[in-house]
Structure formats: C-alpha cells, structure tokens
Amino acid sequence: MAERQSASSPTPSSPQQQPQQAPQQQNFKVKVLNGREVERHPLNSITKTEDSGKPKQSSLSSNASSLQSAAASTSTSASTSTADNDPLNNNSNNNDTIDPLNNPLEKKHDPLSETIATMGGLKLIKENHLTTYVDENFMPWDTLKPSILQQYTSDDSNPIQVSFMSTGTSGKVKIPINRLNKILEELEQDKEDSKTTQLSQPDIIMDLETLHSELLKAWSAEERVRSLKIAIQTAKLLSDTSLIKFYPSKFVIATEILDTFGNLVYDRIKKRLQSSKESKNHEILLKEQAKETCRNWFYKIASIRELLPRLFVEISILKCYEFIQGDVNTEPKQVINRISEMIRGIGNPLVANYIRAYLTRRSFDLCPEYKQFIIQLLKDFVFTQKSYEKSKYLENTLAMYRITLTDYMGLYSPSLEWLLQCLAHKATPETLEEVLELFRESKNSLLLNHIISSFPPEYICSNSTMFSNFIKDADTLSYPKYQLYSTFGVNLVLGHPPKNQILSILNDVWKVVTNFENIKDYISVAEVFIEYVLTHCSEKETDVFLKDILRHIIPDKGYETIQSHLQSIVLKIFTHISDFGKLVSLTNFLPLLDLFNGESQKQISRSTLEALSTSKVMTSDPILINTFLTYGKALHDSLNSLSFQDEVRQVTQLVVNCINKIDFGRDVEKQLNFYVECRQTFINFDGVKNRLVYGVCEICEKTLALVKGKHTPKTTSFIRACVAYCFITIPSIDDIFLKMNLYLVSSSVALQNQALSQADALLKAAITFIQEIPPILEFKQVKSTEDWTISYISDFISLLVVTPGHPESGPFYLVKALYKVVKEYQWESSSTAKSKIFIQLLLLCSSWAQTSLPYHIEKVESNDQLFTEDPEFNTELTEFYNSLIKEILYDLNLLKDEPDNLTQKKVGIICIDLINTLLNVGELNSKTASLIFNLYNMAKKIIPSTCFNEIIYLKNTLAFIGTLESKMGQDIFNKLSQQQ
C-alpha cells in the first residue's frame with residue numbers, strides 16, 4: 001500500500017533562499033469560449049520490445065491526454081538506502097524471483113485462476129469515455145499550454161522551445177550525452193551530500209529534454225525501473241521554485257514527461273489484457289497477471305520516500321487504477337480523495353496548487369464525472385492563502401523574489417483556471433453558490449476572476465448585480481480590478497442579463513470604471529463593454545458610451561498609446577451596426593475614427609470602406625461621401641510601388657464597391673462631380689479609374705435617356721464635359737488592355753450623343769495606342785495577345801462602319817491610319833493576324849460601297865449619306881480595296897513555304913476566308929475568278945491531311961461556288977471540280 005502523508009491543515013514552510021528575480025507584469029486570459037478534448041498524446045510511437053525479443057512499434061494510448069498545466073512542489077532531497085532494502089533496485093541474486101515489471105510470466109495453466117479471477121472485476125473505460133463527457137465548451141489543456149509557455153518565462157527575449165511538445169513553441173534542442181547520468185547520480189546522493197545548484201531557465205529546459213529522451217530509450221530497452229527513476233527525477237525538478245516566474249512553464253514541460261510515463265505504463269498493461277482475450281485457454285490467468293503487474297507499479301511508487309515525487313508519479317499513472325478496481329481501497333473516488341488529502345502535506349502553496357491541478361487533470365481520465373473533490377481542493381487553497389496572509393511567509397516570499405503581490409498571485413492563475421473550469425463544466429447553480437461561499441470567505445480577487453470566466457455566462461448574468469458588487473469591493477492588490485471587469489463584461493456579452501437590469505448593470509460598472517486614472521485600464525474595460533452596449537442597448541446608449549470614451553482618451557493625446565484597443569472597439573461597432581448611415585448618424589463615431597494614425601489608420605480605413613461597401617442601399621449622403629473619400633484616400637496613400645499586387649487589387653475592388661453605392665439619381669451633374677473627386681483621390685488605382693470612366697459613360701447614356709435622344713444646348717455641353725473627362729482619364733491608366741477598351745466604349749458613347757469631334761479624337765487616340773499592345777504577356781506563363789488584338793480591331797472596324805469621315809481630312813483618314821498601324825505592328829513571324837484584319841477591312845469597304853449602310857446611329861450622318869454619290873470617294877474606295885488584296889496575297893506568298901503544319905493550316909484558312917469574302921463582296925470578273933482559282937488550289941495543297949475541319953471548310957466553299965447562278969461562277973466550279 002502507498003504510504004500516506006496527510007495533514008488536517010497546511011503547514012507553512014519557508015522556501016530555500018534563492019537568487020532574487022525581477023518583477024514581471026503578467027497578463028491573463030479572460031475566457032476561452034470553446035474548445036475540444038484532445039485525446040491523443042503529442043509524442044509519436046516508441047519502440048517496444050515484446051517477450052519474443054523482436055522490436056515492435058507501439059503508439060501511445062489514444063486516450064492519453066496531452067493536456068498540461070503549471071505545477072510546483074516543495075523542495076525535498078533524496079536519501080539512499082542499501083541495495084537490499086531499496087524496492088527500486090532491480091539487482092537480485094534470486095534467479096527464481098519474477099519481476100512483473102521486467103519479465104513476463106509464463107503462460108501456463110493455473111488451477112486457482114478461476115478463484116483468483118473472482119477476487120476483483122475489471123472495468124475498462126471506453127475509448128470515447130472523455131469525448132462523450134466533454135463538449136465544445138470545455139477548453140482542453142492543449143489549448144492552455146502554448147499561452148502558459150509564452151507568458152511565464154524568466155527571459156522574455158528568448159521564447160521557450162521544447163522539442164517533444166506539440167505546441168506552437170516547439171523546436172529541436174541538442175541533448176548532451178552526459179546530462180542524464182548527472183541527474184540520476186543526484187538521485188542516489190544523501191541529503192547531506194547534495195549540493196544546491198542554481199540552474200538557469202535554459203539549463204532546466206535542457207534537463208527536461210534529456211529526461212524525456214532517456215525515458216523513451218529506457219522504456220524501449222525494457223528498463224522499467226530506470227524509467228521509474230527518470231519519472232521520479234522529473235517530479236523532483238518541480239520542487240524548485242527559485243525561478244518562480246518560470247515555474248508554471250516548467251510544470252507544463254515536466255508534466256508532459258510524467259504524462260508520457262503514465263501513458264507508457266497504461267498502454268503496457270492494457271496490451272497484456274488485450275492479449276489475454278486472444279488466448280482463450282489462459283484468459284483468466286493472463287488477466288490476473290496483468291493486474292498483478294499493475295499492483296506492482298503502485299507498490300513501487302508507494303515506496304518512494306519523498307512526498308512530492310510520490311504524489312506526482314502516482315497521479316501520472318492514476319488511470320491504471322481502472323485495471324484493479326475491486327481491490328481494497330482502489331475505488332476511483334476513494335483514491336482521488338486520498339491523494340487530494342495527501343497534497344496538504346506540501347508546504348509550498350504555489351507547488352501545492354499546481355499538483356492539485358495535475359490531480360484534477362489526470363483524474364479526468366479515470367473518473368471525469370467526479371468533481372466533489374475539486375471543491376475540497378479549492379477549500380484547501382483558500383485555507384492556505386488565509387493562513388499565509390496572517391504569517392510572514394507571504395511577505396518573505398515577495399521580498400525574496402522581488403515581485404509584487406499581483407505578479408505572485410498571477411502565478412496561480414493557470415492552476416486555478418484549470419481547477420475551476422473542470423468544476424464548472426456542466427455544473428449546476430448550486431455548485432456556483434458553493435464556490436462563491438469560498439470567495440466570500442477568502443476575498444481573493446484572482447479566485448473571483450476565474451469563477452466568472454469558468455462558469456456558464458447565463459449563471460453569471462442571472463447574478464450580475466451580485467458579481468458587480470463583488471468586483472466593486474474586490475482587493476486590487478491580488479488581481480487588477482480592470483481585468484475583473486473585463487472578464488465580467490465578456491460573460492454579459494455572451495449571456496442574457498435580465499432586461500430590467502441591463503442599464504443598471506452598465507451604470508453600476510461605469511461609476512467605478514470612469515474613475516480609473518490609468519487610461520489603459522479604462523480602455524481595456526471599455527473595449528469589452530462596448531460590445532455589451534451594442535448587443536443589449538440602443539444606439540443612443542452607444543453614442544453616450546462613445547462620448548465617455550472620447551472624454552477619457554483625447555486629453556494629452558492619450559489615444560496615441562491605445563491604438564489597438566480603439567481599433568478593436570471600432571471593429572466591434574462595424575460588426576454590430578451594418579447600416580453605415582446609422583453609423584455616421586452617431587455624433588461621436590466619426591470623431592473616434594479621426595484619432596487613428598499609422599498602421600492602425602490603414603486598418604480602420606479598410607474596415608470603414610468594407611462597412612460602406614456592404615451596405616444594402618444606395619446613398620447620396622454628403623457625410624457618407626466625405627467619409628468614403630477621406631478614408632479611401634488614407635488607404636490609397638498607404639500603398640506604394642512596394643506593396644503586394646494582391647493587396648492593391650483587394651483595395652481597388654473595395655473602393656470600386658464603395659463607388660457603386662453612391663448614386664445621385666437624376667442629378668447627373670453631382671454624379672460627375674463625385675467622379676471628378678474620385679479620380680483626384682485614387683489616381684494610382686487603374687481599376688478605380690476604369691470604373692470611373694464606365695461610370696461617366698453611364699451618365700451620358702442616362703442623360704440621353706432623360707432628354708429622349710434630343711439634346712438641348714445645356715445637355716450638349718454636359719455631354720462634352722463627360723467625354724472630355726474620359727479623354728483626360730483614359731491615358732493615365734497604365735494597363736493597355738483597359739485603356740484600349742475604354743477608348744472604344746467612350747468613342748461609341750460619344751457618337752451616340754452626337755459628340756462627333758470628340759469621338760473622332762478618341763478613335764484617333766485608340767489607333768495610336770495599338771502599337772503599345774504587347775505581342776506577348778509574361779505573367780506566370782508566356783501568352784500571346786494576338787487573338788485579343790484581332791478581336792479588338794474587329795470591334796473597332798465595326799464602329800468605323802458608322803463613323804462619319806472628317807470634313808477636311810476626308811472619309812478614309814481613320815481607316816488608312818488603322819491600315820498603316822496594323823501593317824507596321826510587330827506581329828510574330830508566322831502570324832496571319834494581319835491578313836485576318838485586312839479581310840475585315842475588305843468587309844468595311846464593301847459596307848461603304850453600299851447606298852445604305854447595314855446599321856446607323858440615330859441622328860448621326862454616316863458616310864453613306866455624306867460621300868456615296870461622290871465619284872472620288874468610290875475611286876479611292878476601289879483603290880484601297882485592291883491594296884488590301886495585294887497585301888493579303890503578299891503575306892500568303894511569304895508564309896506558304898513555312899514547314900510547320902500549324903502555319904500551313906493558318907495560311908489555308910486565310911485562303912478560304914479570302915475566297916468567301918471575294919465571292920460575297922467582290923465583283924466576279926476574270927481577275928477575281930483567276931484569283932479564286934489560285935487561292936483554292938493553294939489551300940487544297942497546303943492544308944495538312946490531318947486537319948479535318950479545315951478540309952470540310954474547303955469542300956463547303958466549293959459547294960457554295962457551285963450554287964452561284966452566274967456563268968463565271970459555274971466556270972470556276974467546273975474547273976475546280978475537275979481537279980478533285
């Protein structure tokens with residue numbers, strides 16, 4: 001049986017004199033809203049040697065919790081004894097003695113097995129035991145570990161790195177070979193001979209790294225006693241509180257090793273039980289052997305002389321009690337109560353509270369529904385605190401470590417948080433009342449904080465007045481009052497306070513908070529309670545609340561030191577009030593936005609635009625527009641040439657979305673003025689300027705609709721101003737593709753609104769910029785722009801059909817300018833793009849040759865009305881038509897001898913296209929017939945036999961020629977048919 005050491009009440013003891021540490025301000029987590037139980041241990045599989053001697057990979061128990069917490073223990077020294085009397089010594093001269101920890105028992109039939117089996121039943125906990133008990137409201141220990149390691153350190157400049165822990169601070173650490181031997185030697189030293197050595201934080205972490213590594217090696221080598229010694233030595237490290245600020249983190253790391261040890265022991269016994277089920281002949285005997293192995297582990301642990309390591313190691317294998325339930329004093333609740341009473345023998349209150357937390361965590365594996373012992377643990381904590389407050393222990397401790405009472409009490413926070421969370425999970429209101437009695441007795445502010453953060457928000461809200469009074473009268477030395485109010489506020493936001501108490505609660509709290517002299521303390525509470533006001537109060541109360549915030553932060557420019565808090569407040573306001581119009585109606589909201597600077601201003605500007613862009617209604621409110629332009633400019637100016645393109649794209653789209661929300665309806669002049677301001681504000685955003693030009697074009701179309709197609713002198717001037725806006729804005733866009741499209745759209749809109757001279761200027765500018773279209777784009781991959789260019793020029797030619805000629809330069813000056821630009825453009829060597837465009841120009845000439853164009857723009861006189869009856873026009877048109885054909889034939893002769901099939905296919909298609917064009921728009925005479933005959937033969941010869949679609953196209957063309965009624969057409973068909 002395990003040796004008991006217990007006391008009816010804790011006995012104060014003075015810690016050993018250690019080097020003093022500088023004070024460190026601690027920040028504590030208020031409340032974690034959700035989480036999940038993590039069942040798998042973070043360590044990977046280890047090598048385990050079975051009875052046969054063959055190594056086998058065995059993973060740690062999936063049920064083992066990898067949750068950890070900060071712990072502590074009183075400083076004790078190891079004493080040695082003779083080898084004969086040491087139960088940990090595995091050296092024995094009796095070869096017949098079987099050590100169930102090292103040597104498996106032989107599998108032979110035992111006639112008493114059935115009788116032995118009836119002495120105790122086996123109750124295995126199911127794999128999903130914990131996951132069925134906890135839910136999303138329970139915060140697993142794995143969630144706490146990273147924050148503890150980050151917060152509790154004696155060296156803020158070097159983050160804690162542990163290679164074997166699955167936390168955000170893990171990292172590889174080189175382990176010296178001789179490190180473990182030194183540690184194990186200290187275990188065998190007499191108390192009188194042991195020397196106290198001051199270790200630094202890195203040294204302690206290195207020791208723990210070494211112990212963990214050697215534990216896995218020892219276990220893999222079947223060295224069970226050595227593994228136990230390592231676990232003992234790990235627990236002994238928790239007795240040292242010299243680096244008191246590091247103690248919670250040291251507990252997290254050390255208990256990770258103890259968890260590993262406990263899980264290895266549990267898995268070994270469980271595996272034996274599973275193997276017993278496979279052997280039906282010896283099932284009862286093997287079960288009893290496994291249980292005997294379990295008992296031996298507890299016997300060895302009970303032989304540990306020092307209380308602290310005995311408690312830690314027994315707690316680490318606490319789950320193994322499930323294998324021997326039915327034995328005397330092995331009922332889970334009885335075991336847990338016994339250990340909780342033994343903890344009273346730990347003299348150091350900090351160490352004692354962390355071992356309480358460890359017991360609570362590991363007992364969760366054995367009996368998660370049992371919580372009554374936690375009440376007793378909390379009573380012990382309260383009793384200890386009251387006892388030490390009356391003695392000089394607390395005063396001496398603070399002087400020794402040179403820390404404040406607030407910092408010292410903050411070291412208890414992780415352990416208390418875990419105790420109260422386990423107690424409060426699925427707790428009843430009666431449990432809350434029981435814990436509150438402890439607070440009334442202790443008046444401990446830290447305890448009150450964790451009571452508020454751990455119990456369900458509904459419980460807190462239903463007693464909100466009582467908790468408000470508790471906080472008002474709380475001691476500010478043991479825990480900051482502003483953090484108590486922050487924790488309280490979180491629960492009020494998550495819960496539902498009584499409606500008749502909503503304002504009274506806020507007033508009671510704010511009577512205290514508004515008198516805080518420290519602006520950071522004040523804003524920390526305001527940051528939480530702004531959400532309470534937004535959730536439970538009206539917009540009027542929200543505005544009053546913002547007014548009080550401004551009253552506190554504006555004097556002496558206090559807002560400059562609390563930018564992150566103010567940013568959080570504004571983001572919460574945006575979250576709860578989606579209507580941007582209501583936001584700007586709050587008198588004190590915009591003044592709050594004006595207080596941001598630097599990076600915070602950039603983030604708030606973006607959030608402001610996001611709120612405006614998601615508004616569901618259109619607006620023309622000048623205050624909203626001014627807000628948009630102000631914060632849009634701030635966001636625009638925060639970006640430069642070094643900014644990421646993705647960020648620029650996102651901000652651009654955000655600004656465009658806001659512009660889409662501004663609409664002045666029939667007041668088109670105000671809409672144009674707004675676009676002018678936007679152009680001035682967002683000069684570096686191509687996407688915004690693109691949207692503005694399209695917006696101005698929409699204004700022109702809207703104006704045309706309002707006047708029903710009949711412009712007055714006033715609207716004519718307005719249209720010219722709009723087109724001038726486009727003409728000035730488009731060249732400032734760097735993206736050539738956006739620029740070309742805008743020229744085409746703007747010139748089309750100008751023609752529709754009878755702004756002929758401006759349309760002419762826009763078309764001319766577009767022709768000029770064709771030369772700037774790059775033949776190839778190199779973005780992620782090389783891509784040709786040929787298809788886009790052909791498509792664009794084809795659309796351009798379609799607009800030229802109805803564009804009237806210049807009264808002085810003649811009808812052909814734009815067409816010939818386009819012809820020249822296309823001819824001089826740097827096409828790829830094997831490209832047929834130029835010929836495709838020239839064929840489009842042939843179709844343009846055909847349209848111009850008609851007495852009436854195929855389509856018109858209303859109130860615009862095109863070339864069919866201006867020049868059709870002019871002989872010079874017809875002559876020049878014929879000459880231009882013939883020059884186009886010559887250019888096409890010239891290009892075909894250059895490309896027909898290209899060896900690659902792709903180019904030959906392209907040339908064949910051009911030949912067929914030209915044939916069909918000539919047949920449809922040209923005069924069929926001897927020259928045309930001869931040209932068609934030669935083009936057909938060229939296409940037939942050059943098109944590869946594998947190009948089935950092109951061959952079908954050629955055959956269909958021949959069939960079309962056969963449908964011609966003219967004699968010339970039939971002659972061509974007959975000649976071509978004879979060659980088939």
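Predicted model: local features only at pLDDT ≥ 70, side-chain atom pairs only at ≥ 80, totals over all residues.
The largest nonpolar core comprises 292 residues, and Tyr408 and Phe628 have the most contacts inside it. Helix H7, which spans residues 247-278, supplies the largest share of this core, namely 13 residues. In soluble globular proteins, nonpolar side chains tend to be buried together. When neighbours within four places in sequence are set aside, the contacts of Tyr408 are Ile244, Pro349, Leu350, Tyr393, Leu394, Thr397, Leu398 and Ile403.

Helix H19 was examined next. Within this helix, which covers residues 464-472, the residues Ser464, Phe467, Ser468, Phe470 and Ile471 are buried. These residues lie on the same side of H19, because the arc that they cover around the axis is only 160°. An α-helix has 3.6 residues a turn, so residues three or four places apart point the same way.

The cysteines were considered last. A disulfide is a covalent bond between the sulfur atoms of two cysteines. Zero disulfides were found in a search of the whole structure. Cys678 takes part in no disulfide, since the nearest cysteine sulfur, which belongs to Cys658, is 9.7 Å away, whereas a disulfide requires sulfur atoms within 2.5 Å. Cys678 counts as buried because its relative accessibility is 0%. Cys911 is likewise buried, with a relative accessible area of 0%.

Conventions. Residues numbered from 1 in each chain as written. Heavy atoms only, no water. Buried < 20%, exposed > 50% of the residue type's maximum accessible area, 1.4 Å probe, protein only. Helix = DSSP H or I, 4+ residues; strand = E, 2+ residues; numbered from the N terminus. Arc of directions from axis to C-beta. Core = buried A, V, L, I, M, F, W, Y, C linked by side-chain atoms within 4.5 Å. Contact = heavy atoms within 4.5 Å.
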